Amino acid sequence: MSAVTALPTPVAASGTAISPPVIDFQSVGQTFVSSDGSRVEALQGVNLSLRRHEFVSVIGPSGCGKSTLLRLAAGLLMPSSGTVSIFGVPVTAPRDEIGFAFQRPTLLPWLDVIDNITFPMRHKYGRVEQRDVKRANELLETIGLRDFARKRPNELSGGMQQRVAIARALLHDPDILLMDEPFSALDALTRDEMSFELLRIWAERPKTVVFVTHSIQEALLLSDRIVVMSARPGRVSEIIDVPLARPRNLATLSDPVFTQLANEIRVKVFTRKPE
Ligand code: ADP
Ligand code: MG
């Protein structure tokens, strides 16, 4: 018989079990070797823990490792150093409880909208259940595309395609949602609308979210905490708590705390430190 025993669950002084962070980056470093042989240190010494059902945004200059951070959490990439754990278990491969919305919609052009949204189920189980189609239709309603169920991606605008990709990531109601600048291709109005839509979905079906964005306003509107990253090598330079009340709505945008935090973060993101 194996001598391996399960580790005891840590217990707090109060006697309640302490659950591990949902996502945990411990001293994570990522170095890539480029096609010309040069080394790129994309991430260095990243420590970041996400609690259950927390909404965290990641903001920072282009190339500071935001997408790399998400790919590590998704199990699409293994870290060069340190560990990335999900629910206390080191990530070694993609996991079912994660939904991923990429920067570009990556829809399959020969499938219609419903078949694209349900595609992960077909891919994993070889068939699509009726309840998946039902859920896909509900999500279409939510994202305002009910009348587009049988359209192909090339019949949709870029923004509509991106909404379909978000619905696809939400289909199996994942515990963890990783979103890489999902609204960057949308016009400003649709963007605000989608932010509120996402907040509504998140409140209805709570999940832990990591949301990469270039927009300080979007980060503030959505998040419990904002991770500010610096470039070369990519590091976490600051983690900011967002003390704005929920639910957040249009009035949140004119809250003095919102404006003040936006200004503070702008300075942090754009002030170049001396080399
Ligand atoms: P961001 O999403 O913040 O713009 P990325 O995570 O995409 O940044 O990239 C961080 C750095 O790592 C960049 O310098 C990028 O060129 C480099 N990089 C990312 N992926 C690879 C790869 N597969 N091979 C080589 N370099 C990469
Ligand atoms: Mg990126």
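Predicted model: local features only at pLDDT ≥ 70, side-chain atom pairs only at ≥ 80, totals over all residues.
Q: How do the residues in the shell around ligand 1 divide by class?
A: They divide into five nonpolar, five polar and two charged residues, where Ala, Val, Leu, Ile, Met, Phe, Trp, Tyr, Cys and Pro count as nonpolar, Asp, Glu, Lys and Arg as charged, and the others, Gly among them, as polar. Residues are numbered from 1 along each chain as written, with chains lettered from A and ligands numbered from 1 in written order.

Q: OK, and which residues surround ligand 1?
A: Ligand 1 is surrounded by F32, V40, A42, P61, S62, G63, C64, G65, K66, S67, T68 and R71, each with a heavy atom within 4 Å of it.

Q: Which element gives the largest share of that shell?
A: That is α1, with four residues; both α1 (66-74) and β2 (39-50) supply at least two, helices being DSSP runs of H or I with at least four residues and strands runs of E with at least two, numbered from the N terminus.

Q: What does T68 do at the ligand end?
A: A polar side-chain atom of T68 lies 2.5 Å from an oxygen atom of ligand 1. For S67, an N or O atom of the side chain is 2.9 Å from an oxygen atom of the ligand, whereas G63 places a polar backbone atom 2.7 Å from a ligand oxygen.

Q: Switching topic: which residues lie nearest the centre of the largest pocket?
A: I98, G99, F100, P120 and H172 do, out of 19 lining residues. On a 1 Å grid over the protein atoms alone, a pocket is an open set of points with protein on both sides within 12 Å along at least five of seven lines, a cavity is a set where a 1.4 Å probe fits but cannot get out, and lining residues have an atom within 4 Å of a point. Two or more of the pocket's lining residues come from each of β6 (98-101), α3 (119-125) and α5 (158-170).

Conventions:
Heavy atoms only, no water. Polar contact = N/O pair within 3.5 Å; in protein donor to acceptor, adjacent residues only side chain to side chain.
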